[in-house]
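Work through the exercises below with the sequence and the model open beside you. Each task is followed by a solution that goes step by step.

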Amino acid sequence: MSSHYEAPIRKPLVIGDKSYHDITEDIARPIETPPNKDWWIAFGISMAAFMWGVGCIIYTIGTGIGTWGLNKTVGWAWDITNFVWWVGIGHAGTLISAVLLLFRQKWRMGINRSAEAMTIFSVIQAGLFPVIHMGRPWLIYWFFPIPNQFGSLWVNFNSPLLWDVFAISTYLTVSLVFWWTGLLPDFAMIRDRAVKPFQKKIYSLISFGWSGRAKDWQRFEEVSLVLAGLATPLVLSVHTIVSFDFATSVIPGWHTTIFPPYFVAGAIFSGFAMVQTLLIIMRKVSRLESYITVQHIEMMNIVIMITGSIVGCAYITELFIAWYSGVEYEQYAFLNRATGPYWWAYFLMMSCNVVSPQVMWFKKIRTSIIWSFVISIVVNVGMWFERFVIIVTSLHRDYLPSSWTMFSPTFIDIGIFIGTIGFFFVLFLLYARSFPVVAQSEVKTILKSSGENYKKLRDKK
Amino acid sequence: MSSKSLHVLFDDDDTLLDAVKQIVKSKIYINEIYTPFPVHGLDKAMKLKPTNMSIATFIYGCIGFTVAIMMMNYIMIVDWPQNIGGKPSFTLIENIPSFVPIIFEMTVFFAAHLMVITFYLKSKLWPFKKSENPHPSTTDDKFLIDMETGTNIAKTKTMLKKLGAISIEIINNDEDEK
């Protein structure tokens, strides 16, 4: 027992009188029981939204990008807004599993599996937008440096858009293998207790024959640690490179050196908010309150509050630097952003992202589940508007006042966005019923140090 | 070596760790230990060699780094140099600042994927691979030591009982081979 000592002041991370076997039972339950009516309703709505989106995508590809609300002045709007929004959301998963692993934060174990799943699903949504925006998605292979019939006309490695291709594809694939490697022991657990032959077959297939030998575990732990070490700079690089899409341009409002750190903070901010939204529902529905505790929610709220404050600082720094630069175009871009025709979007961004997370300074609010849920939604809305503000307000009033215009989305724009939300939830709902949603083999390693019953036992001594 | 071996089940990781230390002390060879989660200190207790995974990964990362530079040098400098806005981009050293993001990404890409592939191959993990844990509960809450019997089976058994084993099974390996 002494080797499992943890300071009594630390709150337990596994609530209730749990044994190793109880953890197995609790994690396997959602997989082994049929889904209830609420799940089918949620799945039905998501599927409908997804299908709506598929229809809009097909229409876009069949007719052309002209079906969107873009015009000569605003050539980039919802597509890239949605892309950056989804990529940003996709940052929390790897941050939770990689950065928090390096910092030895045990509370990551209750939530890392679902956060990583969310990462992968949202990066998939993000990846859709550049592909659709190509107009001719069957030419997607032009993205990659492959010898071709045009006298080997290569891609341009000086372009930040190409850096993005490499960053996003590296991020997606590395997150995927990180996730899957962590899943192997948990799939094996489901496999070894499966009763139905079909279920056994499927889980045998996807657990890759995991047996849990001592040597396997030794390698597993080393691989996890090294992957975390690789994924940590990777996760920071991805949104840095996304911000380069704007920062390396010469458009006032985009051409700022603060973009990389500011985008990374914003990404972590919105990612944690999305994790919060999903897990608050999932812990209730899948009865995982013992593993995703109020303590976990509070920790995530603290991260949201801090990154929200960083984002707020960045907004104000941008304004200051625009004024301080003495460049009138730069000054106008920010004046227009805050007080021009899109003032309402700027106001929404400021109030959702900077003001709303500040209520988390109160312990009562950051430990309240309802408040956490509401704030997490508000933050996600705010972060969508942040990208919209950056992209559209910097473009819609360019150097030539005669070409000044506004952007309004068509129902195709809206449909594709709603479709990706539907697709995201379809994937997440399927995941919640077929994957072990808590990294049970990891939670078992902290049961004796951070389990409520073991902590009480030690206190008595 | 005897053709018999023992499958000893434990239900607690601390008992297992103490037992493994005792078994190693009494010089009985442990073939394998199956556990549902990583038991810290187990690899040291059973005297496993440390893994070289991180060294391999470093080499993989170096390969990715080199491949990225060579690829971009060939494409942008050697094969089809382009004048992009009159910027200095006609030698590798002039153009390398804008290659940094992709050099980094490819280093990570190679290191991460080749490491995971190495791990899967060395630990024999791939689709359609049959699992080899002898008891299904070793992925749930039980710990199994697959060990030699020692010179005196009865004596080994009493020792294991004392160490907290919940069940001991004698496995006849000769029969398995037939």
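**Exercise 1: a lysine in a loop**

Task: decide whether Lys124(B) is buried, partly exposed or exposed, and say why.

Solution: Lys124(B) is partly exposed, because 15 other C-beta atoms lie within 10 Å; by definition a residue is buried if 20 or more other C-beta atoms lie within 10 Å of its own, exposed if 12 or fewer, and partly exposed in between, with C-beta atoms placed from the backbone. Lys124(B) sits in the loop between helix H5 (100-122) and strand S3 (143-148) of chain B, where helices (H or I, at least four residues) and strands (E, at least two) are DSSP runs numbered from the N terminus. Once its neighbours within four places in sequence are left aside, Lys124(B) is in contact with Gly209(A) and Lys129(B), contact meaning that the C-beta atoms of two residues, placed from the backbone, lie within 7 Å.

This is a predicted model, in which local features need pLDDT of at least 70 and side-chain atom pairs count only at pLDDT 80 or more, while totals for chains, interfaces and linings use all residues. Residues are numbered from 1 along each chain as its sequence is written, and chains are lettered from A and ligands numbered from 1 in the order in which they are written.

**Exercise 2: strand partners in chain B**

Task: find which strands of chain B are joined to S3(B), and how they run.

Solution: Begin with strand S2 (residues 30-34) of chain B, in which four of the five residues are buried. S2(B) is joined to S3(B) by four bridges, and the two run antiparallel; strands pair if DSSP finds at least two bridges between them. Within this pairing, Tyr34(B) has Leu144(B) as its bridge partner, and Glu32(B) stands opposite Asp146(B). Turn next to strand S1 (residues 4-10) of chain B, which six bridges join to S3(B), again in an antiparallel arrangement; here Val8(B) stands opposite Ile145(B).
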